[in-house]
Amino acid sequence: MYTFVKRKQDKDRVPNLRTALSNNPLNPVTMVVDTQTYSDIWQNCLSLIKERTSTDEFTKWFKPIVPLDFDGTTLRLRVPNMSYVYHIEKNYIPSLKPIIHQMFGTKTQLRYTVPSEQSAAQAAALAAQDTAKIKKFITQTNTANIPDPYAIPGLKRVQIDPQLNPGYTFGNFIVGECNKLARSVGMQVAIEPGTNPYNPLYIYGRSGLGKTHIVQAIGHATKERRPELQVLYVPMNRFQAQYTTAVRNGEVNDFISFYQMIDVLIIDDIQELSGKEKTQNAFFNIFNHLQLAGKQLIFTSDKTPVELKDIEQRLITRFKWGMTVELEQPDYETKIKIIRSKIAKLNIQIPEDVVGFLAEHINANVREIEGALSALAANASFLNKKITTSLAKDILKMYVQVCQKEITIEHIVKTVCEHLNLDIEKFNSPKRTREIAQARQIAMYLSKQHTKSPLTAIGAAIGGKNHATVLHACKAITNLMETDKVFRRTLEEIERKVTAK
Ligand code: ADP
Ligand code: MG
């Protein structure tokens, strides 16, 4: 569609536009007044381009362009030399095209003319030089090896490595209330990258809740459906390191060019951009270019856009343009599903009660669930032990913050009553049936075991008794446990419930 032509004749002014467009009645610019020339329209194009590029870029790459003629379908532009052709085609076509189509008509094609003849060989040599520069930059910064980024006819467009972890797919992403919105939006993005309403897609949530996993899953799903698209995953700190290297080597333009050719750009942990003004500026250029070209942007962060600190307002505004979704902490059911799937992956045997115990006690995040399970598996095999709840407890103490909510007498009383199917009012009433008396003794015993309350406080809270009654209750319960197996089991069950919270 965009082809190079040898120089014909230079003429800056052309006949009026209406004549030129007369064979294209649907063209929106047929409304332009008679006196307007291609140069005038080109000036309008320039104003739009100016809004979308930095001053330096604009002065270097667009100001020197001269519109030569327009026959209703082909707009001929004179550029200073062939490197302009490559640079424009490589970097600006996605944003230039809509502007040209808006101003000159949707069927318009571009042709470039250079003042002195340059052979295709010379042009290719220039391109090769440029490619080598980008390649060098990529090697230095340890990213994808991009053989040839140009989209120029005749030159092959080679795929870059998307830098995705094969372990992070939708297939092994467990869905629950906490993440189902993010997952379904993510899947839609993968189906229609760039043209969906969720652009940019901004996923936020606390550490370990699956942000990296889900955005990489989007990358994989996109690649599966559209292998021709350039998908790239990059953590913000790597992007920042690449930028710093590019500055040091005077290769910022190459750095920006590289990112501007991506179709689906996934940047993880965008909050790392905080306080890095220069990187923010480069990022802003890349963002605008891709957004204008209808490319998909996906970000993750541990904060909402408004909570981001030391990030320019113009960027925060842009983050809010598309869709912001939160990943929440998984609920009990989801945790159970996650634990089961990780157990299957680790290929270990863990009894169901331990699965329940883990789900109940790991409140922080999925990463900790994984850590705890691996530790459990390693310890069990190292010690040659079966994975039991008590081993799980020991391991958990080391690996996660087991949620040890302080146990209160009130909580104990409630649990005892619930388990024995007893009304709390009855429990607290002056009645002295055998059933109530025993329930009170159990509650006193458990309060002594599991709270730091003195015996007097326990007695006062349970039936208004003194400390001697509490001591007596504790002795009675201990005796019963030793002699009555059924009672012992009941008490252990109540105890488990009491300590489960
Ligand atoms: P974040 O980027 O939010 O800190 P990650 O995406 O790195 O979290 O997730 C931490 C670990 O938990 C990863 O190994 C990931 O595979 C796993 N994980 C998180 N959420 C899920 C989920 N819903 N299903 C399966 N694994 C998950
Ligand atoms: Mg992450």
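Predicted model: local features only at pLDDT ≥ 70, side-chain atom pairs only at ≥ 80, totals over all residues.
Let's start with the whole chain, then turn to a few strands, the core and the aromatic rings.

**The chain as a whole**

- The chain has 501 residues, and 49% of them count as buried.
- Its secondary structure comes to 22 helices and nine strands.
- Take the contacts between residues at least 6 apart in sequence: 72% of these join residues at least 24 apart.

- Strand E7 covers residues 264-268, and five of its five residues are buried.
- Val-264, Ile-266 and Asp-268 point one way from E7, while Leu-265 and Ile-267 point the other way.
- On one side of the pairing story is strand E6 (residues 231-235), which runs parallel to E7 and is joined to it by five bridges. Here you can find Pro-235 opposite Asp-268.
- E7 also pairs with strand E8 (residues 296-301), in the parallel sense, over four bridges. In this pairing Ile-267 stands opposite Phe-299, and Ile-266 has Ile-298 as its bridge partner.
- To trace a β-α-β unit, follow E7, helix H11 (residues 277-292) and E8: the unit they make is right-handed.

**Strand E8**

- E8 is mostly covered too, with six of its six residues buried.
- Gln-296, Ile-298 and Thr-300 point one way from E8, and Leu-297, Phe-299 and Ser-301 point the other way.
- Strand E5 runs parallel to E8, and four bridges join the two. One residue to look for is Tyr-202, whose bridge partner in E8 is Phe-299.

**Nonpolar cores**

- The largest nonpolar core has 32 residues, and Leu-265, Phe-283 and Phe-319 have the most contacts inside it.
- Several elements each supply at least two residues of this core, including the strands E5 (201-204), E6, E7 and E8 and the helices H9 (236-248), H10 (252-260) and H12 (313-319).
- Which helix gives the most to this core? H11 does, with six residues.
- Another core, of 27 residues, lies apart from this one; Ile-41, Phe-62, Phe-70 and Tyr-92 are among its members.

**Aromatic rings**

- A search of the whole structure finds 16 aromatic pairs.
- Why is the pair of Tyr-243 and Phe-255 edge-to-face? The ring centres of Tyr-243 and Phe-255 are 5.5 Å apart and the planes are at 65°, so the pair counts as edge-to-face, the cut-off being an angle over 60 degrees.
- Tyr-243 lies in helix H9 and Phe-255 in helix H10, so this pair ties together parts that are 12 residues apart in sequence.
- Buried means under 20% relative accessible area. Tyr-243 counts as buried at 10% relative accessibility, and Phe-255 counts as buried at 0%.
- Both residues belong to one aromatic cluster, which Tyr-243 and Phe-255 form with Tyr-202, Phe-239, Phe-258, Tyr-259, Phe-283, Phe-287, Phe-299, Phe-319 and Trp-321.

Conventions: Residues numbered from 1 in each chain as written. Chains lettered and ligands numbered in written order. Heavy atoms only, no water. Buried < 20%, exposed > 50% of the residue type's maximum accessible area, 1.4 Å probe, protein only. Contact = heavy atoms within 4.5 Å. Pairing = 2+ DSSP bridges. Right-handed = clockwise from strand over helix to strand, strands pointing away. Core = buried A, V, L, I, M, F, W, Y, C linked by side-chain atoms within 4.5 Å. Phe/Tyr/Trp six-rings, centres within 6.5 Å; stacked < 30°, edge-to-face > 60°.
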